[in-house]
Amino acid sequence: MEDAEVVCQHLGCGSATGAHSVVERFGAGHGPVSLARVDCKGNESTLWDCEIRGWGPYYFDHEWDTAVTCQGFSRLVGGDGACAGRLEVRQGRAWVGVCEDQVDMKVAQVVCRELGCGAALSIPGSERFGAGSGPLWGGGFQCNGTEPLLSACARHPPHSQGCSTGPASVICSPYTGFRLGNSSSGCTGRVEVAVRGTWGSVCASEWELADAHVLCRHLGCGRAFTVPPGGSFGSGDGPLRPDAFGCSGSERHPGECPVAVLGKPPCAPGNAAAVNCSGIVESLQLVEGETRCNGWLELAIIPGTWRRVPGELLFVWNFSNVCREMGCGGLDNSIAVRGKSLLQMINEKERKIIERVIETIQGMTTELTGAYYRFNDWFKMNRITSPGISHGAGIVCSGSRRVRLVGSSGRCAGRVEVYSSGTWSTVCQEGWELQDAAVVCRELGCGTALQAPSSARFGPGTGPLWPYIPDCSGTEESLWECGRSEWRECGRGGGAGTVCSALRAAGGRPRALPRVPGGVPQRHLGPRVRQWHQPRHRQHRLPTAGLWGPGPAVGVPRPAAGPRLAGLGGL
């Protein structure tokens with residue numbers, strides 16, 4: 001086990017849970033044998049630090065090959081399952097928490113992938129799952145979001161002042177996939193979900209049109225036309241899951257919707273949910289953003305297959321119609337990040353796909369007055385790049401605007417922060433009154449306003465100041481419906497606070513959703529901790545805390561040569 005422990009630590013896979021004969025677990029290897037005798041004490045940093053007596057290559061029989069199983073480098077604890085909780089990482093033979101200001105959505109995406117969970121939904125902060133009792137590691141991670149394991153991300157050194165914010169938490173979707181079964185078109189069929197790799201059908205008893213809208217959009221199938229009766233496309237071969245989705249219709253994918261499972265009766269045999277979507281015509285999505293209304297713009301070419309829209313199109317066309325087409329209000333902000341490959345240089349099949357994407361977007365937009373390029377000239381200069389690299393047309397629609405309360409132990413009291421034009425900002429204390437707080441409480445579904453305290457209660461905040469002073473009457477449904485004026489000088493600084501009564505309607509779907517500019521219902525998924533990015537390499541920063549990522553990086557550290565585990569799917 002000491003040898004196995006060093007191998008796991010060397011690979012960044014936590015501690016060893018077993019040392020086996022490879023034939024029993026993964027089948028015999030092939031090729032030469034590299035090491036004949038290895039003797040580790042268990043505390044070495046790498047396998048090469050152990051005593052090795054017998055360097056190969058040897059051409060032995062493989063019946064004596066060894067295998068290792070590792071515990072993993074990260075875990076989530078304190079939640080209802082393995083896909084939500086406080087983030088802990090393996091340090092030596094102990095588990096330690098990670099400081100919340102060292103974890104962003106890119107880190108969360110990698111954690112969720114490593115644990116076999118679905119998409120990263122939020123990083124809610126220390127109050128959600130408690131503070132824990134163990135030590136906190138002050139260091140952090142710099143991930144681009146595509147790494148298979150958290151241990152593959154670059155590391156930040158620990159803070160000299162230690163951790164002052166508490167342990168980080170991550171919430172992943174338990175669903176690792178969505179699809180339509182028994183479908184001839186790809187956009188009509190039985191609703192199927194995968195939970196950590198196992199596919200099954202969804203019960204139709206509580207499947208509604210709002211749920212179907214979110215699924216159709218996620219699959220690149222446009223909008224939901226109808227919800228056919230349960231069993232219309234059979235019941236499938238997997239389990240029939242009683243999961244009751246409670247989508248509002250504004251979520252990016254079904255994994256973001258609230259789901260009720262416990263206490264639900266078993267589903268009647270054969271009663272599998274079904275959906276009839278409009279198809280892939282002009283099916284758009286924004287990815288890697290804070291909400292479904294900001295991110296990199298992608299267009300579906302076939303159900304479930306998307307292509308990034310080239311960023312240079314922003315120099316030629318007005319994308320306001322794109323926001324409206326997606327039900328996201330108007331265009332607040334945008335940024336173009338060019339790829340590395342000329343369109344004329346890629347293979348013919350991919351070039352025709354990208355040309356179709358460009359033609360589709362051209363039909364949805366209008367040419368900018370005084371555009372920097374003429375379209376024909378621009379088309380020759382267009383560049384794209386491979387998936388996984390942040391590039392393309394970054395869009396921030398008005399429908400991404402949000403408000404949250406931070407700095408307390410719950411989501412219904414705290415310092416007021418607003419998300420506008422892709423940035424979280426604190427609200428100036430000047431002119432902040434109870435009627436303003438009343439609107440925030442209503443927008444968050446937190447009852448009535450009890451207090452509108454100053455920064456002495458929840459702190460002044462650390463982000464930029466919102467350049468407006470709200471002027472609410474107290475009857476508005478959303479802070480964005482209030483009048484506002486630009487402040488010339490925020491003498492008291494940020495830190496406007498709100499304390500709500502925290503009354504909520506019991507159960508069911510939201511009775512009334514706050515509306516954002518453009519008339520789009522916007523579901524607020526609760527508070528989210530601020531994100532800190534400390535890039536070590538050249539980055540393309542988009543105009544949002546949750547939307548930027550590394551472009552083609554220079555000098556990204558790569559893993560040194562070392563041992564590997566063979567025969568394991570996904571590692």
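# A chat about helices and disulfides

Biologist: How much of the protein chain counts as buried?
Modeller: Of its 571 residues, 51% count as buried, meaning under 20% relative accessible area, with exposed over 50% and partly exposed in between (1.4 Å probe, protein chains only). This is a predicted model, where local features need pLDDT of at least 70, side-chain atom pairs count only at pLDDT 80 or more, and totals for chains, interfaces and linings use all residues. Residues are numbered from 1 along each chain as its sequence is written, and side-chain values use heavy atoms, with hydrogens and water left out.

Biologist: What does the secondary structure come to?
Modeller: Nine helices and 40 strands. These are DSSP runs numbered from the N terminus: helices are H or I with at least four residues, strands are E with at least two.

Biologist: And what share of contacts join residues at least 24 apart?
Modeller: 71%, among contacts between residues at least 6 apart in sequence. Contact means heavy atoms within 4.5 Å.

Biologist: Take helix 8. Why is it largely enclosed?
Modeller: Helix 8 spans residues 434-443, and seven of its 10 residues are buried, so the rest of the structure largely encloses it. Among the buried ones are Asp436, Val439, Val440 and Glu443.

Biologist: Which strands do its buried residues pack against?
Modeller: For helix 8, they are strand 32 (402-406), strand 33 (413-420), strand 35 (449-451), strand 36 (468-471) and strand 38 (497-500).

Biologist: What follows helix 8?
Modeller: Gly445 does, and its phi is positive, near 70°.

Biologist: Now helix 3. How many of its residues are buried?
Modeller: Eight of 10, so to speak of residues 105-114 is to speak of a mostly covered helix. Met105, Lys106, Cys112 and Glu114 are among the buried residues of helix 3.

Biologist: What do they pack against?
Modeller: The buried residues of helix 3 pack against strands including strand 7 (74-78), strand 8 (84-91) and strand 14 (169-172).

Biologist: What happens at the start of helix 3?
Modeller: A side-chain oxygen of Asp104 comes to within 3.1 Å of the backbone nitrogen of Lys106. Just after helix 3, Gly116 has a positive phi of about 75°.

Biologist: Switching topic. How many disulfides are there?
Modeller: The count comes to 13 disulfides, each a pair of cysteine sulfur atoms within 2.5 Å.

Biologist: Start with Cys441. Which residue is its disulfide partner?
Modeller: Cys500, with the sulfur atoms 2.0 Å apart. The pair links distant parts of the chain: Cys441 sits in helix 8 and Cys500 in strand 38, 59 residues apart. The torsion about the S-S bond of Cys441 and Cys500 is about -90°, so this disulfide is left-handed.

Biologist: Is Cys441 buried or exposed?
Modeller: Cys441 counts as buried, at 0% relative accessibility. Cys500 counts as buried at 7%.

Biologist: What about Cys203 and Cys267?
Modeller: Cys203 and Cys267 form a disulfide, with sulfur atoms 2.1 Å apart. Cys203 lies in the loop between strand 17 (198-202) and helix 4 (209-218), while Cys267 lies in the loop between strand 21 (259-260) and strand 22 (274-277). They are 64 residues apart. The torsion about the S-S bond of Cys203 and Cys267 is about 80°, so the disulfide is right-handed.

Biologist: Last one. Where is Thr426?
Modeller: Thr426 is in strand 34 (residues 423-426). Thr426 is buried, with a relative accessible area of 1%. Leaving aside neighbours within four places in sequence, its contacts include Arg415, Glu417, Pro460 and Trp466.

Methods
Polar contact = N/O pair within 3.5 Å; in protein donor to acceptor, adjacent residues only side chain to side chain.
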